[in-house]
Amino acid sequence: MLPVFPVFSGIPHIATGDLVREELNSSGTLSSQLKEIVNQGQLVSDEIIISLLSKRLEAGEAKGESGFILDGFPRTIRQAEILEGVTDVDLVVNLKLREEALLAKCLGRRICNHCGGNYNIACIDIKGENGKPGIYMAPLPAPPQCVPNLIQRADDTEEVVKERLRIYNETSRPVEEFYRNRRKLLEFELPGGIPEAWPKLLEALNLDHKDKHIAAA
Ligand code: AMP
């Protein structure tokens with residue numbers, strides 16, 4: 001997932017996964033259908049996802065939002081084509097992490113059901129081997145007031161995460177090629193947790209803390 005970084009404060013961060021979870025927790029007609037799809041690790045149909053995203057973008061526009069960071073979208077070529085028809089994409093950042101670390105991160109994810117904060121109890125320490133570098137990612141502990149309220153996402157089980165990864169490789173990976181062909185893809189191999197990744201990501205984006213207001217504008 002592409003986290004919201006402080007440097008981009010002022011630009012709305014829109015995660016389609018959050019839009020789907022909001023809808024499935026509502027009493028709307030789509031709720032039970034979405035719950036089944038998400039809890040099996042499948043993708044929601046392009047029609048449903050486009051409709052949820054369009055509503056969110058229209059609401060943002062009405063509030064005067066201009067620009068956004070999309071997270072978890074597009075995940076199919078069809079979604080990428082639709083997006084291309086309605087807006088100019090500046091850049092696509094592909095945050096890459098080896099699968100064993102991704103799996104551990106998903107299994108360690110905890111969310112505070114009061115404030116919505118995201119934390120992680122996993123301590124990832126994978127040794128380098130066969131030319132692959134090792135990776136260390138410290139846990140992101142929850143503050144004491146959130147600890148009693150921590151919950152896990154229903155789709156963060158080993159079986160479902162593996163299915164999500166399988167679908168990513170099959171359906172979402174071609175989207176990388178779509179943007180690579182348009183020279184809009186920035187591949188970023190995560191070197192570790194946020195403290196290690198953040199300065200390197202800024203560098204890859206050609207930004208530094210001085211530039212943050214320009215970037216946000
Ligand atoms: P995420 O929070 O990004 O892991 O998304 C959670 C779930 O929401 C996914 O496993 C899908 O079922 C659904 N979802 C989120 N974004 C999309 C998308 N762009 N296209 C289809 N399904 C999506």
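Residues are numbered from 1 along each chain as its sequence is written, and side-chain values use heavy atoms, with hydrogens and water left out. Because the model is predicted, local features need pLDDT of at least 70 and side-chain atom pairs count only at pLDDT 80 or more, while totals for chains, interfaces and linings use all residues.

**Exercise 1.** Determine how the axes of helix α5 and helix α6 are oriented to each other, and which residues make the contact.

*Solution.* Two packed helices are described by the angle between their axes and the distance between the axes. The axes of α5 (residues 99-108) and α6 (residues 158-181) come within 10 Å and cross at roughly 135°. That angle makes α5 oblique to α6, since angles under 35 degrees count as roughly parallel, over 145 as roughly antiparallel, 65 to 115 as roughly perpendicular and the rest as oblique. The crossing of the two helices is right-handed. In the contact (heavy atoms within 4.5 Å), α5 contributes E99, L102, L103, C106 and L107, and α6 contributes E158, V161, K162, R164, L165 and N169. Sorted by class, these comprise 6 nonpolar, 1 polar and 4 charged residues.

**Exercise 2.** Locate P74 and state the geometry of the peptide bond from F73 to P74.

*Solution.* P74 belongs to the loop between β2 (69-71) and α4 (77-86), and the peptide bond from F73 to P74 is cis, with omega near 0°.

Key. Axes fitted to C-alpha atoms, helices over the stretch in contact; angles between N-to-C directions. Helix = DSSP H or I, 4+ residues; strand = E, 2+ residues; numbered from the N terminus. Left-handed = near helix turned anticlockwise from the far one by under 90°. Nonpolar A, V, L, I, M, F, W, Y, C, P; charged D, E, K, R; others polar.
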